[in-house]
Amino acid sequence: MLLKVNMRINGSTYDHEVEPRLLLVHYLRDVVGLTGTHIGCETGICGACTVLLNGEAVKSCCLLAVQVNGAEIQTVEGLAAEGELDPLQIGFWEKHGLQCGFCTPGMIMASHQLLRRNPNPSKDEIRHALAGNLCRCTGYQHIVESVQFAAVKMKPDTTA
Ligand code: FES
Ligand code: FES
């Protein structure tokens, strides 16, 4: 049996018929072709699959595609849609917030939610917000600095 799903992903509308058991992360990667969202554990632990669902960070391996029918999804591919890197992407570049890069899309999407809720987070608040995203390479310090860099970059310019 196939079920219809319709969702907006990074500003475009997608309609498909999928198996009810299809995970959102597999839908994004295998059906839509957005492979920037990674699969690490598939058990909700590593955070590599984090995307924004109606603006909230979720682990896309823990949801079925049919559960988010009608939703607005943002993946890491949607961040530089106009061809300019997002402040968090710049931050991870400038502050060396990655090594292998496997965790990076999830880290960036989870950080997006954090900076929307708290534009000026402390190091502890960043670490707390990213506690559900695991990195086996960096030791996290550079990730925290990357998010702080982005927070400064996203601050409105009040000098004008
Ligand atoms: S792949 Fe989803 S949390 Fe690890
Ligand atoms: S950079 Fe390799 S897992 Fe984070």
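What follows is a short chat about the pockets in this predicted model.

Reader: What volume does the largest pocket have?
Author: About 190 Å³. A pocket here is an open set of points on a 1 Å grid over the protein atoms alone, where a 1.4 Å probe fits, with protein on both sides within 12 Å along at least five of seven lines. The volume is the space filled by probe spheres set on the points, which are joined across faces, edges and corners.

Reader: Which residues line the largest pocket?
Author: Among them are Thr-50, Lys-59, Gln-113, Arg-117 and Asn-133; lining residues have an atom within 4 Å of a point.

Reader: Where does the largest share of that lining come from?
Author: From H3, with 4 residues. Helix H3 (104-117) and strand E4 (56-59) each supply at least two; these are DSSP runs numbered from the N terminus, helices being H or I with at least four residues and strands E with at least two.

Reader: Which domains does the lining of the largest pocket draw on?
Author: Domain 1 (3-78) and domain 2 (87-154), at least three residues from each. The bounds come from an automatic or database domain assignment.

Reader: Next, what space lies in the second largest pocket?
Author: About 160 Å³. Its lining includes Cys-46, Cys-100, Cys-103, Cys-135 and Cys-137, along with Phe-102 and Arg-136.

Technical notes: Residues numbered from 1 in each chain as written. Chains lettered and ligands numbered in written order. Predicted model: local features only at pLDDT ≥ 70, side-chain atom pairs only at ≥ 80, totals over all residues. Heavy atoms only, no water.
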